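Please keep the sequence and the coordinates at hand while reading.

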Amino acid sequence: GLYHPEGAVRAGVVRALGGLRDEASRPVFETLLEDPYWLVRANAAEAIDRLGAGPSRLELLRALGEKDHRAWLLITDAFATTPEPSEEATKQLLARVEDKRWQVRLVAYRALARVGTETAIAPLIDRYGMEHGRLFKDVRATLKALTHDDLGENPETWRRWWKDQTETYGGLGPRPEKDAAETSEGRYANQGDGKTVDRPSKNEYYGKEFFSRSIGFVLDISDSMKVNMEIIPEQATRLGNIPLKGRRMDIARQALLDSLARIDNRTRFRLVFFDSNVNVWNERMVSANPSNRAAARSAIERLRPKGETNFHAAIRAALGLHGKTLDQAKLEDAPDTVFFLTDGRPTRGEITAMPELVSWLHRVNRFARVDLHVIVLGDLNVDAPQLALLAEAGGGTFIHVREKGYGGLGY
């Protein structure tokens with residue numbers, strides 16, 4: 001199968017072999033890091049990762065020059081599982097932190113946190129002032145990992161600190177003895193330049209705080225959303241004071257409108273509504289300016305429940321794959337955070353079995369890198385354990401909005 005002329009077939013064979021975790025296959029996987037088809041190279045890197053990337057570190061280091069951004073994501077993941085600083089890897093990763101695709105920058109930051117050297121500190125401080133949302137937090141986490149210190153959210157504070165370090169020690173100096181009452185940022189805060197810090201935008205949806213300026217909202221509008229429900233009062237408060245009772249559609253509509261009303265104007269968002277089919281309100285991500293929010297509000301208010309539930313097509317649309325294959329999609333068009341709200345089970349679409357859907361999302365999210373949070377309204381006809389696994393495959397959280405008469409208060 002590894003010699004099949006179709007790249008997709010070879011990629012499937014590599015994935016199957018990787019699942020066997022057979023150490024004898026390692027030399028084969030290392031060779032396949034140079035296969036002509038990008039998905040073969042990506043799956044070979046993942047297979048090496050499953051075996052343990054240490055023995056293949058030199059081969060993976062050479063492969064960091066990968067031209068295809070999707071294959072590069074998995075090659076970098078595999079290389080970074082061995083947390084050993086590498087100057088050569090640092091240089092290659094720094095070359096990626098200005099990529100237009102947020103997924104590439106995200107993976108570069110996270111890899112630098114594990115294998116980066118102090119060469120990365122100054123460039124990362126520069127990037128800190130340019131990122132926002134999820135990536136703003138990731139740059140800070142990377143700087144903390146490399147410096148073993150935390151200078152807070154202001155890039156200028158980090159910049160002054162690094163200037164002091166290089167002038168005093170020629171680079172990273174000893175860790176300071178800090179007074180318990182003194183914050184790291186406070187050591188340099190008195191030298192402020194008066195600039196406004198572009199902090200990550202904190203938003204909330206069903207009680208879940210999220211830091212993003214690139215959000216997808218996916219809303220189930222199938223016929224079952226007509227059903228009335230009454231939410232346990234204590235949970236309603238914890239979930240952001242959502243309506244206590246009413247039709248599921250009305251509760252979901254109000255919660256979505258409230259969240260859209262609060263997000264930062266600079267945030268980009270996408271709305272996807274689904275029943276048996278999918279309605280993508282905005283194929284491209286749009287900014288949350290007053291005009292777009294008003295148009296979105298009008299579209300949300302017009303929604304009427306009907307039809308069945310097509311989970312697969314809805315998630316594809318949220319990830320920017322509506323009517324596209326993974327080869328055709330542009331990674332940067334995907335939001336970095338997705339909220340998927342439903343009250344049931346998948347009954348229509350290409351994939352209706354939940355275990356298969358979970359497996360599909362896990363495969364796709366190797367490249368999409370979204371945080372997909374799953375919100376479930378009610379208890380009747382809900383497969384909560386599988387929906388929790390769906391959230392896990394999407395790197396997100398599972399929020400179960402329980403109703404009176406079914407017991408339980410938690411997520």
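In which helix is the place of I300? I300 sits in helix α13 (residues 290–301), where helices (H or I, at least four residues) are DSSP runs numbered from the N terminus.

## Basis of the values

The model is predicted, with local features needing pLDDT of at least 70 and side-chain atom pairs counting only at pLDDT 80 or more, while totals for chains, interfaces and linings use all residues. Residues are numbered from 1 along each chain as its sequence is written, and side-chain values use heavy atoms, without hydrogens and water.

## Nonpolar cores

A nonpolar core is a set of buried Ala, Val, Leu, Ile, Met, Phe, Trp, Tyr and Cys residues joined through side-chain atoms within 4.5 Å. Buried means under 20% relative accessible area, with a 1.4 Å probe and protein chains only. The largest such core has 57 residues, and L33, L60, W72 and L143 have the most contacts inside it. Beyond four places in sequence, L33 touches R41, A44, A45, I48, E59, L60, A63 and I75, contact being heavy atoms within 4.5 Å. Another core lies apart from the largest one and has 35 residues, including Y205, I300, I375 and V401.

I300 counts as buried because its relative accessibility is 0%. Residues up to four places away in sequence aside, I300 touches R253, L256, L257, L260, L271 and F273.

## Cavities

A cavity is a set of points, on a 1 Å grid over the protein atoms alone, where a 1.4 Å probe fits but cannot get out. There are 2 cavities of 30 Å³ or more.

Lining residues have an atom within 4 Å of a point; for the largest cavity they include Q103, L319, K330 and F367. By class, this lining has 9 nonpolar, 2 polar and 1 charged residues. Helix α15 (residues 354–368) gives the largest share, 3 residues.

## R105

R105 lies in helix α7 (residues 102–115). It counts as buried because its relative accessibility is 13%. The side chain of R105 makes a polar contact with the side chain of E131 at 2.7 Å; such a contact is a pair of N or O atoms within 3.5 Å, and within protein one must be able to donate a hydrogen and the other to accept it. With neighbours within four places in sequence left aside, the contacts of R105 include R96, D99, R127, E131 and L135.

Terms used. Buried means under 20% relative accessible area, exposed over 50%, partly exposed in between (1.4 Å probe, protein chains only). Helices (H or I, at least four residues) and strands (E, at least two) are DSSP runs, numbered from the N terminus. On a 1 Å grid over the protein atoms alone, a cavity is a set of points where a 1.4 Å probe fits but cannot get out, and a pocket is an open set with protein on both sides within 12 Å along at least five of seven lines; lining residues have an atom within 4 Å of a point. Grid points are joined across faces, edges and corners, and a volume is the space filled by probe spheres set on the points. Ala, Val, Leu, Ile, Met, Phe, Trp, Tyr, Cys and Pro count as nonpolar, Asp, Glu, Lys and Arg as charged, and the others, Gly among them, as polar.
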